[in-house]
Amino acid sequence: MTIGADLPPTVSEARLASVLETAVFGIIVADQAGRILVYNKASEQLFGWTAEEVYGKNLTIIMPPHDASRHDKYIHNYVQTKTAKIIGIGREVKGQHKDGTVFPLHLAVGEASTPEGRQFIGIMRDLRPDFEAAERLAALQAQLVRMARINAVDEMGAALAHELNQPLTAVMLYLQAVSRAASKRTGADALPKEISDILEKALSEAGRAGQIIHRMRRFVEKRESLRQTVDLGTLLNEAIEFTVIGNKAREVEIERTIGENLPPVEVDPVQIQQIIVNLLRNAIEAVNGADTKTIRIETTRRDGSVALSVEDSGPGVAPDIAPQLFRAFATGAKGGVGLGLAISKSIAQSHGGDLTVDPGGNGRGARFTLVLPANAADG
(Lines give C-alpha, C1' and ligand atoms only; values in the text may rest on other atoms or scores of the structure.)
Protein backbone atom coordinates (compact mmCIF):
# COMPACT_ATOMS: atom_id res chain seq x y z
CA MET A 1 0.00 0.00 0.00
CA THR A 2 1.77 3.08 -1.30
CA ILE A 3 -0.71 5.80 -0.34
CA GLY A 4 1.28 8.70 1.09
CA ALA A 5 4.59 6.83 0.94
CA ASP A 6 6.51 10.13 0.70
CA LEU A 7 4.66 11.65 3.66
CA PRO A 8 5.23 11.19 7.38
CA PRO A 9 3.63 7.95 8.64
CA THR A 10 1.01 9.77 10.67
CA VAL A 11 -0.27 11.68 7.60
CA SER A 12 -0.19 8.57 5.43
CA GLU A 13 -2.06 6.52 8.00
CA ALA A 14 -4.64 9.26 8.53
CA ARG A 15 -5.27 9.50 4.82
CA LEU A 16 -5.60 5.73 4.49
CA ALA A 17 -7.96 5.61 7.45
CA SER A 18 -10.08 8.37 5.88
CA VAL A 19 -10.30 6.48 2.59
CA LEU A 20 -11.29 3.27 4.34
CA GLU A 21 -13.93 4.90 6.55
CA THR A 22 -15.60 6.88 3.76
CA ALA A 23 -15.54 4.18 1.09
CA VAL A 24 -19.03 3.05 0.02
CA PHE A 25 -17.81 -0.46 -0.76
CA GLY A 26 -16.57 -3.01 1.71
CA ILE A 27 -12.77 -3.16 1.91
CA ILE A 28 -10.94 -5.96 3.69
CA VAL A 29 -7.22 -6.60 3.87
CA ALA A 30 -6.00 -10.07 4.85
CA ASP A 31 -2.64 -11.77 5.09
CA GLN A 32 -1.69 -14.89 3.15
CA ALA A 33 -2.99 -17.04 6.00
CA GLY A 34 -6.41 -15.50 5.45
CA ARG A 35 -6.43 -13.48 8.69
CA ILE A 36 -8.29 -10.16 8.60
CA LEU A 37 -6.03 -7.13 9.15
CA VAL A 38 -8.21 -4.24 7.91
CA TYR A 39 -12.01 -4.10 7.92
CA ASN A 40 -13.76 -0.83 7.10
CA LYS A 41 -17.13 0.68 8.11
CA ALA A 42 -18.83 -0.39 4.89
CA SER A 43 -17.81 -3.98 5.65
CA GLU A 44 -19.41 -3.69 9.09
CA GLN A 45 -22.69 -2.66 7.45
CA LEU A 46 -22.35 -5.36 4.83
CA PHE A 47 -21.64 -8.32 7.10
CA GLY A 48 -22.90 -7.22 10.51
CA TRP A 49 -19.62 -7.94 12.29
CA THR A 50 -17.67 -5.08 13.89
CA ALA A 51 -13.98 -4.56 13.15
CA GLU A 52 -13.12 -5.59 16.72
CA GLU A 53 -15.04 -8.86 16.32
CA VAL A 54 -13.29 -9.95 13.14
CA TYR A 55 -9.74 -8.59 13.58
CA GLY A 56 -7.28 -11.47 13.35
CA LYS A 57 -10.07 -13.93 12.41
CA ASN A 58 -10.02 -16.00 9.25
CA LEU A 59 -11.92 -14.63 6.24
CA THR A 60 -14.15 -17.66 6.38
CA ILE A 61 -16.16 -15.87 9.09
CA ILE A 62 -17.90 -13.87 6.32
CA MET A 63 -18.33 -16.82 3.93
CA PRO A 64 -21.08 -19.42 3.65
CA PRO A 65 -19.94 -22.90 4.78
CA HIS A 66 -19.54 -24.27 1.24
CA ASP A 67 -17.09 -21.55 0.23
CA ALA A 68 -15.42 -21.34 3.63
CA SER A 69 -14.39 -25.01 3.48
CA ARG A 70 -12.44 -24.37 0.25
CA HIS A 71 -11.04 -20.90 0.88
CA ASP A 72 -7.76 -21.81 2.61
CA LYS A 73 -7.04 -24.31 -0.16
CA TYR A 74 -7.51 -21.58 -2.80
CA ILE A 75 -4.99 -19.29 -1.06
CA HIS A 76 -2.51 -22.14 -0.65
CA ASN A 77 -2.78 -23.12 -4.33
CA TYR A 78 -2.26 -19.51 -5.43
CA VAL A 79 0.81 -19.06 -3.22
CA GLN A 80 2.28 -22.30 -4.61
CA THR A 81 1.30 -21.99 -8.30
CA LYS A 82 0.76 -18.22 -8.84
CA THR A 83 -2.34 -19.17 -10.86
CA ALA A 84 -5.00 -16.55 -10.16
CA LYS A 85 -8.64 -17.60 -10.23
CA ILE A 86 -10.04 -14.38 -8.81
CA ILE A 87 -7.11 -12.08 -8.01
CA GLY A 88 -7.02 -9.21 -10.45
CA ILE A 89 -10.15 -10.49 -12.17
CA GLY A 90 -13.21 -9.95 -10.00
CA ARG A 91 -16.35 -12.04 -10.01
CA GLU A 92 -19.63 -12.75 -8.28
CA VAL A 93 -19.33 -14.65 -5.00
CA LYS A 94 -21.48 -15.31 -1.93
CA GLY A 95 -21.08 -13.58 1.41
CA GLN A 96 -22.64 -14.46 4.74
CA HIS A 97 -24.01 -11.93 7.21
CA LYS A 98 -23.55 -12.34 10.95
CA ASP A 99 -27.20 -13.39 11.20
CA GLY A 100 -26.60 -16.23 8.73
CA THR A 101 -28.08 -14.54 5.66
CA VAL A 102 -26.23 -15.52 2.48
CA PHE A 103 -26.19 -12.86 -0.25
CA PRO A 104 -24.45 -12.17 -3.59
CA LEU A 105 -21.35 -9.98 -3.79
CA HIS A 106 -19.09 -8.70 -6.49
CA LEU A 107 -15.55 -9.25 -5.26
CA ALA A 108 -12.39 -7.74 -6.73
CA VAL A 109 -9.11 -8.87 -5.16
CA GLY A 110 -5.70 -7.25 -5.42
CA GLU A 111 -2.33 -8.40 -4.09
CA ALA A 112 0.36 -6.35 -2.36
CA SER A 113 3.82 -7.18 -1.08
CA THR A 114 4.54 -5.54 2.28
CA PRO A 115 7.29 -5.75 4.90
CA GLU A 116 4.90 -7.98 6.83
CA GLY A 117 4.51 -10.34 3.86
CA ARG A 118 2.01 -10.85 1.07
CA GLN A 119 -1.40 -9.26 1.68
CA PHE A 120 -4.67 -9.41 -0.24
CA ILE A 121 -7.06 -6.48 -0.61
CA GLY A 122 -10.68 -7.32 -1.31
CA ILE A 123 -13.22 -4.74 -2.46
CA MET A 124 -16.84 -5.92 -2.19
CA ARG A 125 -20.13 -4.56 -3.52
CA ASP A 126 -23.53 -5.87 -2.44
CA LEU A 127 -25.34 -7.18 -5.54
CA ARG A 128 -28.77 -7.51 -3.93
CA PRO A 129 -29.97 -4.06 -5.07
CA ASP A 130 -28.92 -4.93 -8.64
CA PHE A 131 -30.72 -8.27 -8.53
CA GLU A 132 -33.84 -6.74 -6.98
CA ALA A 133 -33.90 -4.02 -9.63
CA ALA A 134 -33.51 -6.61 -12.37
CA GLU A 135 -36.32 -8.68 -10.89
CA ARG A 136 -38.58 -5.62 -10.63
CA LEU A 137 -37.78 -4.70 -14.23
CA ALA A 138 -38.52 -8.23 -15.44
CA ALA A 139 -41.76 -8.29 -13.45
CA LEU A 140 -42.73 -4.87 -14.79
CA GLN A 141 -42.08 -5.94 -18.37
CA ALA A 142 -44.15 -9.08 -17.87
CA GLN A 143 -46.96 -7.06 -16.31
CA LEU A 144 -46.89 -4.54 -19.14
CA VAL A 145 -47.22 -7.36 -21.65
CA ARG A 146 -50.13 -8.72 -19.64
CA MET A 147 -51.70 -5.26 -19.42
CA ALA A 148 -51.50 -5.00 -23.21
CA ARG A 149 -53.40 -8.28 -23.45
CA ILE A 150 -55.96 -7.07 -20.90
CA ASN A 151 -56.44 -3.86 -22.87
CA ALA A 152 -57.03 -5.93 -26.01
CA VAL A 153 -59.57 -8.07 -24.13
CA ASP A 154 -61.33 -4.90 -22.91
CA GLU A 155 -61.67 -3.65 -26.46
CA MET A 156 -62.81 -7.08 -27.63
CA GLY A 157 -65.33 -7.21 -24.75
CA ALA A 158 -66.79 -3.85 -25.75
CA ALA A 159 -67.07 -4.98 -29.37
CA LEU A 160 -68.59 -8.30 -28.33
CA ALA A 161 -71.16 -6.59 -26.11
CA HIS A 162 -72.06 -4.30 -29.01
CA GLU A 163 -72.45 -7.21 -31.44
CA LEU A 164 -74.50 -9.27 -28.99
CA ASN A 165 -76.83 -6.38 -28.34
CA GLN A 166 -78.37 -6.53 -31.82
CA PRO A 167 -79.33 -10.24 -31.95
CA LEU A 168 -80.48 -10.09 -28.33
CA THR A 169 -82.73 -7.14 -29.13
CA ALA A 170 -84.14 -9.12 -32.05
CA VAL A 171 -84.79 -12.11 -29.77
CA MET A 172 -86.69 -9.87 -27.36
CA LEU A 173 -88.78 -8.39 -30.17
CA TYR A 174 -89.66 -11.87 -31.43
CA LEU A 175 -90.57 -13.03 -27.93
CA GLN A 176 -92.72 -9.94 -27.40
CA ALA A 177 -94.47 -10.59 -30.72
CA VAL A 178 -95.14 -14.21 -29.77
CA SER A 179 -96.37 -13.11 -26.34
CA ARG A 180 -98.78 -10.59 -27.87
CA ALA A 181 -100.02 -13.15 -30.39
CA ALA A 182 -100.49 -15.72 -27.66
CA SER A 183 -102.43 -13.28 -25.49
CA LYS A 184 -104.98 -12.79 -28.31
CA ARG A 185 -105.78 -16.46 -28.48
CA THR A 186 -108.70 -17.43 -26.30
CA GLY A 187 -110.87 -20.40 -25.64
CA ALA A 188 -109.78 -23.62 -27.28
CA ASP A 189 -107.02 -21.84 -29.19
CA ALA A 190 -105.44 -20.44 -26.03
CA LEU A 191 -101.93 -21.62 -25.18
CA PRO A 192 -101.65 -23.81 -22.08
CA LYS A 193 -100.77 -21.77 -19.00
CA GLU A 194 -97.44 -23.56 -18.47
CA ILE A 195 -96.32 -22.57 -22.00
CA SER A 196 -97.40 -18.96 -21.43
CA ASP A 197 -95.43 -18.95 -18.17
CA ILE A 198 -92.33 -20.28 -19.93
CA LEU A 199 -92.72 -17.61 -22.60
CA GLU A 200 -92.92 -14.87 -19.99
CA LYS A 201 -89.86 -16.22 -18.20
CA ALA A 202 -87.92 -16.36 -21.48
CA LEU A 203 -88.89 -12.75 -22.19
CA SER A 204 -87.85 -11.71 -18.67
CA GLU A 205 -84.47 -13.45 -18.93
CA ALA A 206 -83.82 -11.94 -22.36
CA GLY A 207 -84.53 -8.51 -20.88
CA ARG A 208 -82.20 -9.21 -17.99
CA ALA A 209 -79.45 -10.32 -20.40
CA GLY A 210 -79.92 -7.10 -22.34
CA GLN A 211 -79.48 -5.06 -19.18
CA ILE A 212 -76.29 -6.94 -18.30
CA ILE A 213 -74.83 -6.35 -21.76
CA HIS A 214 -75.77 -2.68 -21.58
CA ARG A 215 -74.02 -2.33 -18.22
CA MET A 216 -71.03 -4.28 -19.48
CA ARG A 217 -70.66 -1.97 -22.46
CA ARG A 218 -70.81 1.01 -20.15
CA PHE A 219 -68.29 -0.64 -17.82
CA VAL A 220 -65.60 -1.39 -20.43
CA GLU A 221 -65.97 1.44 -22.91
CA LYS A 222 -63.32 4.16 -22.93
CA ARG A 223 -64.79 7.55 -22.08
CA GLU A 224 -64.28 10.68 -20.05
CA SER A 225 -65.05 10.55 -16.35
CA LEU A 226 -68.65 11.61 -15.71
CA ARG A 227 -69.91 12.14 -12.17
CA GLN A 228 -73.54 11.71 -11.24
CA THR A 229 -75.59 11.68 -8.08
CA VAL A 230 -76.39 8.01 -7.54
CA ASP A 231 -77.43 5.54 -4.86
CA LEU A 232 -74.50 3.41 -3.67
CA GLY A 233 -76.80 0.45 -2.96
CA THR A 234 -77.91 0.38 -6.60
CA LEU A 235 -74.31 0.45 -7.81
CA LEU A 236 -73.53 -2.39 -5.41
CA ASN A 237 -76.37 -4.60 -6.68
CA GLU A 238 -75.30 -4.08 -10.31
CA ALA A 239 -71.66 -4.80 -9.44
CA ILE A 240 -72.67 -8.06 -7.76
CA GLU A 241 -74.49 -9.08 -10.96
CA PHE A 242 -71.28 -8.53 -12.93
CA THR A 243 -69.19 -10.45 -10.46
CA VAL A 244 -71.29 -13.58 -10.03
CA ILE A 245 -71.01 -14.36 -13.74
CA GLY A 246 -68.58 -17.27 -13.43
CA ASN A 247 -68.23 -20.71 -11.87
CA LYS A 248 -66.28 -19.72 -8.77
CA ALA A 249 -68.92 -17.23 -7.64
CA ARG A 250 -71.66 -19.86 -7.71
CA GLU A 251 -70.15 -21.63 -4.73
CA VAL A 252 -69.84 -18.43 -2.69
CA GLU A 253 -72.57 -17.11 -0.41
CA ILE A 254 -72.81 -13.33 -0.69
CA GLU A 255 -74.56 -11.62 2.19
CA ARG A 256 -75.44 -7.96 1.77
CA THR A 257 -76.71 -5.45 4.31
CA ILE A 258 -77.82 -2.11 2.91
CA GLY A 259 -78.00 0.62 5.52
CA GLU A 260 -81.19 2.62 5.91
CA ASN A 261 -81.51 6.23 4.76
CA LEU A 262 -78.16 6.23 2.98
CA PRO A 263 -77.41 9.59 1.40
CA PRO A 264 -76.61 9.57 -2.33
CA VAL A 265 -73.05 10.00 -3.53
CA GLU A 266 -71.76 12.09 -6.40
CA VAL A 267 -69.39 9.79 -8.27
CA ASP A 268 -68.48 8.33 -11.62
CA PRO A 269 -70.71 5.22 -11.44
CA VAL A 270 -68.53 3.09 -13.69
CA GLN A 271 -65.35 3.88 -11.76
CA ILE A 272 -66.96 3.09 -8.40
CA GLN A 273 -68.38 -0.15 -9.80
CA GLN A 274 -64.85 -0.94 -10.97
CA ILE A 275 -63.69 -0.72 -7.34
CA ILE A 276 -66.56 -2.86 -6.03
CA VAL A 277 -66.13 -5.52 -8.72
CA ASN A 278 -62.41 -5.70 -7.98
CA LEU A 279 -63.03 -6.08 -4.23
CA LEU A 280 -65.63 -8.80 -4.84
CA ARG A 281 -63.40 -10.75 -7.21
CA ASN A 282 -60.52 -10.56 -4.75
CA ALA A 283 -62.85 -11.80 -2.00
CA ILE A 284 -64.00 -14.72 -4.18
CA GLU A 285 -60.36 -15.67 -4.78
CA ALA A 286 -59.64 -15.38 -1.04
CA VAL A 287 -62.37 -17.84 -0.04
CA ASN A 288 -61.63 -20.25 -2.87
CA GLY A 289 -59.81 -22.73 -0.62
CA ALA A 290 -61.72 -21.98 2.59
CA ASP A 291 -64.16 -24.39 4.25
CA THR A 292 -66.75 -21.63 4.55
CA LYS A 293 -67.13 -19.51 1.43
CA THR A 294 -68.90 -16.37 2.57
CA ILE A 295 -68.60 -12.73 1.58
CA ARG A 296 -70.32 -10.10 3.73
CA ILE A 297 -71.07 -6.72 2.18
CA GLU A 298 -72.35 -3.83 4.24
CA THR A 299 -73.12 -0.20 3.51
CA THR A 300 -73.38 2.26 6.40
CA ARG A 301 -73.79 5.97 6.91
CA ARG A 302 -71.04 7.93 8.59
CA ASP A 303 -70.60 11.60 9.39
CA GLY A 304 -70.67 13.22 5.97
CA SER A 305 -69.83 10.01 4.14
CA VAL A 306 -71.01 6.56 3.10
CA ALA A 307 -68.95 3.42 3.72
CA LEU A 308 -69.09 0.12 1.86
CA SER A 309 -67.20 -2.82 3.37
CA VAL A 310 -66.41 -6.19 1.82
CA GLU A 311 -65.33 -8.91 4.25
CA ASP A 312 -64.45 -12.47 3.26
CA SER A 313 -64.13 -15.72 5.20
CA GLY A 314 -60.65 -16.42 3.84
CA PRO A 315 -57.33 -16.56 5.72
CA GLY A 316 -56.67 -12.82 5.63
CA VAL A 317 -53.85 -10.90 3.97
CA ALA A 318 -50.35 -12.26 4.57
CA PRO A 319 -48.27 -9.99 6.88
CA ASP A 320 -45.51 -9.61 4.28
CA ILE A 321 -48.00 -8.43 1.64
CA ALA A 322 -50.23 -6.15 3.76
CA PRO A 323 -47.85 -3.11 3.95
CA GLN A 324 -47.55 -2.89 0.16
CA LEU A 325 -51.05 -4.04 -0.78
CA PHE A 326 -52.05 -0.78 -2.45
CA ARG A 327 -48.80 -0.36 -4.38
CA ALA A 328 -48.80 -0.96 -8.11
CA PHE A 329 -47.72 -4.49 -9.16
CA ALA A 330 -47.96 -5.80 -5.61
CA THR A 331 -50.20 -8.84 -5.55
CA GLY A 332 -50.68 -12.00 -3.55
CA ALA A 333 -53.08 -13.53 -6.05
CA LYS A 334 -51.81 -16.21 -8.39
CA GLY A 335 -51.93 -14.81 -11.90
CA GLY A 336 -52.94 -11.40 -10.59
CA VAL A 337 -51.80 -8.22 -12.27
CA GLY A 338 -51.26 -6.30 -9.06
CA LEU A 339 -52.86 -3.10 -10.32
CA GLY A 340 -56.46 -3.52 -9.17
CA LEU A 341 -56.13 -2.31 -5.59
CA ALA A 342 -53.65 0.43 -6.46
CA ILE A 343 -56.03 1.81 -9.09
CA SER A 344 -59.04 1.33 -6.82
CA LYS A 345 -57.44 3.35 -4.03
CA SER A 346 -56.46 6.06 -6.50
CA ILE A 347 -60.06 6.25 -7.80
CA ALA A 348 -61.46 6.43 -4.27
CA GLN A 349 -59.08 9.24 -3.31
CA SER A 350 -59.82 11.15 -6.51
CA HIS A 351 -63.46 11.14 -5.36
CA GLY A 352 -62.48 12.63 -2.01
CA GLY A 353 -62.73 9.26 -0.24
CA ASP A 354 -60.39 6.37 0.51
CA LEU A 355 -59.96 2.60 0.37
CA THR A 356 -58.53 0.90 3.47
CA VAL A 357 -58.02 -2.66 4.67
CA ASP A 358 -58.14 -4.59 7.90
CA PRO A 359 -55.87 -7.51 6.89
CA GLY A 360 -57.46 -9.98 9.31
CA GLY A 361 -55.58 -13.22 9.92
CA ASN A 362 -55.71 -15.63 12.89
CA GLY A 363 -59.07 -16.98 11.76
CA ARG A 364 -60.42 -13.70 10.36
CA GLY A 365 -60.74 -12.79 6.73
CA ALA A 366 -59.71 -9.47 5.23
CA ARG A 367 -62.10 -6.52 5.36
CA PHE A 368 -61.82 -3.77 2.74
CA THR A 369 -63.71 -0.52 3.31
CA LEU A 370 -64.53 2.02 0.61
CA VAL A 371 -65.48 5.45 1.98
CA LEU A 372 -67.06 8.10 -0.24
CA PRO A 373 -68.25 11.57 0.70
CA ALA A 374 -72.02 11.99 0.78
CA ASN A 375 -73.63 14.39 -1.68
CA ALA A 376 -73.22 17.87 -0.21
CA ALA A 377 -76.81 18.78 -1.10
CA ASP A 378 -78.05 15.90 1.06
CA GLY A 379 -76.08 17.03 4.12
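The model is predicted. Strand 1 covers residues 26-31, and six of its six residues are buried.

The table sets out both pairings.

| Pair | Sense | Bridges | Facing residues |
|---|---|---|---|
| Strand 1 and strand 5 | antiparallel | six | alanine 30 and phenylalanine 120 |
| Strand 1 and strand 2 (residues 36-39) | antiparallel | three | valine 29 and valine 38 |

Strands 1 and 2 form a hairpin with four residues between the strands. In this hairpin, glycine 34 takes a positive phi near 90°.

Val24, Phe25 and Ile123 make a nonpolar surface patch of about 290 Å². Isoleucine 123 belongs to strand 5, residues 117-126.

**The cores**

The largest nonpolar core holds 36 residues. Leu232, Ile272, Ile295, Ile297 and Val310 have the most contacts inside this core. Several elements give two or more residues to the core, including helix 7 (232-243), strand 9 (294-302) and strand 10 (305-312). Helix 9 gives the most, with eight residues.

Take leucine 232. Beyond its neighbours within four places in sequence, leucine 232 is in contact with Val265, Ile272, Thr299, Val306, Leu308 and Leu372. Another core, of 19 residues, lies apart from the largest one. Among its members are Ala30, Tyr39, Phe103 and Leu107.

Methods. Residues numbered from 1 in each chain as written. Predicted model: local features only at pLDDT ≥ 70, side-chain atom pairs only at ≥ 80, totals over all residues. Heavy atoms only, no water. Core = buried A, V, L, I, M, F, W, Y, C linked by side-chain atoms within 4.5 Å. Buried < 20%, exposed > 50% of the residue type's maximum accessible area, 1.4 Å probe, protein only. Contact = heavy atoms within 4.5 Å. Patch = residues over 30% accessible without salt bridge, like charges linked within 9 Å, V, L, I, M, F, W, Y side chains within 5 Å. Areas by Shrake-Rupley, 256 points an atom, 1.4 Å probe, with all protein chains shown as cover. Salt bridge = Lys/Arg side-chain N within 4 Å of Asp/Glu carboxyl O. Pairing = 2+ DSSP bridges.
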